[in-house]
Structures are given as structure tokens and as C-alpha cells.
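Reader: I would like to learn how to read a structure like this one, feature by feature. Please give the general idea each time and then the case at hand.

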Amino acid sequence: MDLIETARELARSAHSGQTRKDGVTPYIEHPLAVAATLSGYGYDDETVAAGLLHDVIEDTTLEAADLDAAVGPRVRELVEAASEPDKTLSWRERKTATLAHLPTKELAAQRVIAADKLDNVRSIREALAREGDGIWDRFRAPFADQAWYYGTAAAILGPLDEPLFDELVEAVRRVFGNAGMPGMDGDSW
């Protein structure tokens, strides 16, 4: 089995029975979409595999050592780089730490993180179109906090010369406008 297929099967198994915030959509659709985005931009197999596995350390029983054994240390490093810190921290503390470290991450890890955020924003946009503003009740933080988080991530990554990051900026702008996006005015977006 090749690296991407191994990662796909590991992600399917690890996320089995989990759903997205809507309580209906199988969770595996998210890592599959993240990987498809990364593959679509032509990134290497390790980056695509990390996209498939980006949530397994923080959201399943798998640990870093399990990834080392199954897909190797490079993919594990990227997954760890894309994972949030201690889940016992508050939502704001976790997101603040993620944003603080985002500029220092290597480019491949930033790509995984951007593809993850892009798929989340796409999902939010689709849910808003179907259901309206009531979707914010599903989240641990309200619209303004979500706008701050996604907007800041886009503001950090947007200036880098990567088409994926440009796509993230545009998606964030469509969902959140300029709300909560530090230092960004309408002309910058």
C-alpha cells in the first residue's frame, strides 16, 4: 500500500463513527477534502498524507508513535505541527497559541493548516447558505471569535506567495468580511 492509501485507511479507521459539527456528516469527509485540496495544488505525498491525518492526534486515540510506525516520521512531524496544543485549554487559549506559532511553522505544515482552515471555512459557508446564522450555535465560540481566528490565520498566511493561501484569504473574506481581521482593510482583501 502506498503512503497516501495507508494514511487514508488510518484516517478512516481513526475517525470511524465521528461526525462534523452538524452531527450528520461523517468526519472523514473533512480530512479527505483537506487532502484533495493539497493534492490539487500538487504538493508532495507526505504533505497530502499529513492532510489526511491532521486531526488524528488531537481528536482520536492515535498518538504520534502510531503515526511514526504507520506513515513515518516526516508525516508525523507535519501532523504534530498542524495539531492544536493541549485540548484542556480554553478555545481562545488554543487558538491564540495556534496563531502565535503559525508564522514559525515550516511551509509544508502551513500548507496543511491552510487546507484545514479552507475546508472549515467552505463548510461554514455551505451551512450558512443552507441554514443561516443559527449554525453559530454549534460552535464553541461565536461569530466574532470565529472571524478573529480565521481572519488572523488568513492575515498571517495571505502575504506569503502561495496560491493555496490566496484561496484561504478569499474564502475567509466571503464568509467573514473584514470582521475581526486585524490590520486588514477592504482594499487589502
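Reader: Where is the place of Asp45?

Author: Helices are runs of assigned residues, numbered from the N terminus. In this predicted model, Asp45 sits in helix H3, which covers residues 45–53.

Reader: Is Asp45 buried, partly exposed or exposed?

Author: Under 20% relative accessible area a residue is called buried, over 50% exposed, and partly exposed in between. Asp45 has a relative accessible area of 42%, so it is partly exposed.

Reader: Which residues form the negative surface patch with Asp45?

Author: A patch takes residues with over 30% relative accessible area and no salt bridge. Here the negative surface patch consists of Asp2, Asp44, Asp45 and Glu46.

Reader: Let us turn to the fold. How many helices and strands are there in the protein chain?

Author: The protein chain has 10 helices and zero strands. Read from the N terminus on, its elements run α-α-α-α-α-α-α-α-α-α. The radius of gyration is 16 Å, close to the 16 Å that the globule rule gives for 189 residues, so the chain is as compact as a globular protein of that length.

Reader: What does the C-alpha trace span along its principal axes?

Author: The C-alpha trace of the protein chain spans about 45 × 35 × 30 Å along those axes. Of the 189 residues in the chain, 48% are buried.

Reader: Now salt bridges. How many does the structure hold?

Author: A salt bridge needs a side-chain nitrogen of Lys or Arg within 4 Å of a carboxyl oxygen of Asp or Glu. The structure holds 19 salt bridges. One of them joins the side chains of Asp59 and Lys87, at 3.5 Å from N to O.

Reader: Which parts does the pair of Asp59 and Lys87 tie together?

Author: Asp59 belongs to helix H4 (residues 56–59), while Lys87 lies in the loop between helix H6 (73–82) and helix H7 (91–101), so the pair ties together parts that are 28 residues apart in sequence. Asp59 is partly exposed at 28% relative accessibility, and Lys87 is partly exposed at 38%.

Reader: Which residues are linked with Lys87 in a network of salt bridges?

Author: The network of salt bridges links Glu58, Asp59 and Lys87. Lys87 and Glu58 are 29 residues apart in sequence, and their C-alpha atoms are 7.4 Å apart in space.

Reader: Take another salt bridge, that of Lys117 and Asp116. Is Lys117 buried or exposed?

Author: The side chains of Lys117 and Asp116 meet at 3.2 Å, N to O. Lys117 has 8% relative accessibility and therefore counts as buried. Asp116 is buried as well, with a relative accessible area of 7%.

Reader: What is the N to O distance in the salt bridge of Arg138 and Glu131?

Author: For the side chains of Arg138 and Glu131 that distance is 2.0 Å. Arg138 is partly exposed, with a relative accessible area of 29%. Glu131 counts as partly exposed at 41% relative accessibility.

Reader: What separates the C-alpha atoms of Leu78 and Ile113?

Author: Leu78 and Ile113 are 35 residues apart along the chain, and their C-alpha atoms are separated by 9.5 Å. For Glu29 and Leu78, 49 residues apart along the chain, the C-alpha separation is 20 Å. Glu29 is in helix H2, residues 29–40, and is partly exposed with a relative accessible area of 44%.

Reader: One last residue. Where is the place of Lys105?

Author: Lys105 lies in the loop between H7 and helix H8 (107–131). Its relative accessible area is 23%, so Lys105 is partly exposed. Lys105 and Ala82 are 23 residues apart in sequence, and 8.9 Å apart in space from C-alpha to C-alpha.

Definitions and conventions:
Residues are numbered from 1 along each chain as its sequence is written. This is a predicted model: local features need pLDDT of at least 70, side-chain atom pairs count only at pLDDT 80 or more; totals for chains, interfaces and linings use all residues. Side-chain values use heavy atoms; hydrogens and water are left out. Patches are made of residues with over 30% relative accessible area and no salt bridge: like charges are joined within 9 Å, nonpolar side chains (Val, Leu, Ile, Met, Phe, Trp, Tyr) within 5 Å. Accessible areas come from the Shrake-Rupley method with a 1.4 Å probe; for residues, only the protein chains shown count as cover. Lys and Arg count as positive and Asp and Glu as negative; His and the chain ends are not counted. The place of a charge is taken as NZ of Lys, CZ of Arg, CG of Asp or CD of Glu. Helices (H or I, at least four residues) and strands (E, at least two) are DSSP runs, numbered from the N terminus. Buried means under 20% relative accessible area, exposed over 50%, partly exposed in between (1.4 Å probe, protein chains only). The radius of gyration is taken over C-alpha atoms; the globule rule is 2.2 Å times the number of residues to the power 0.38.
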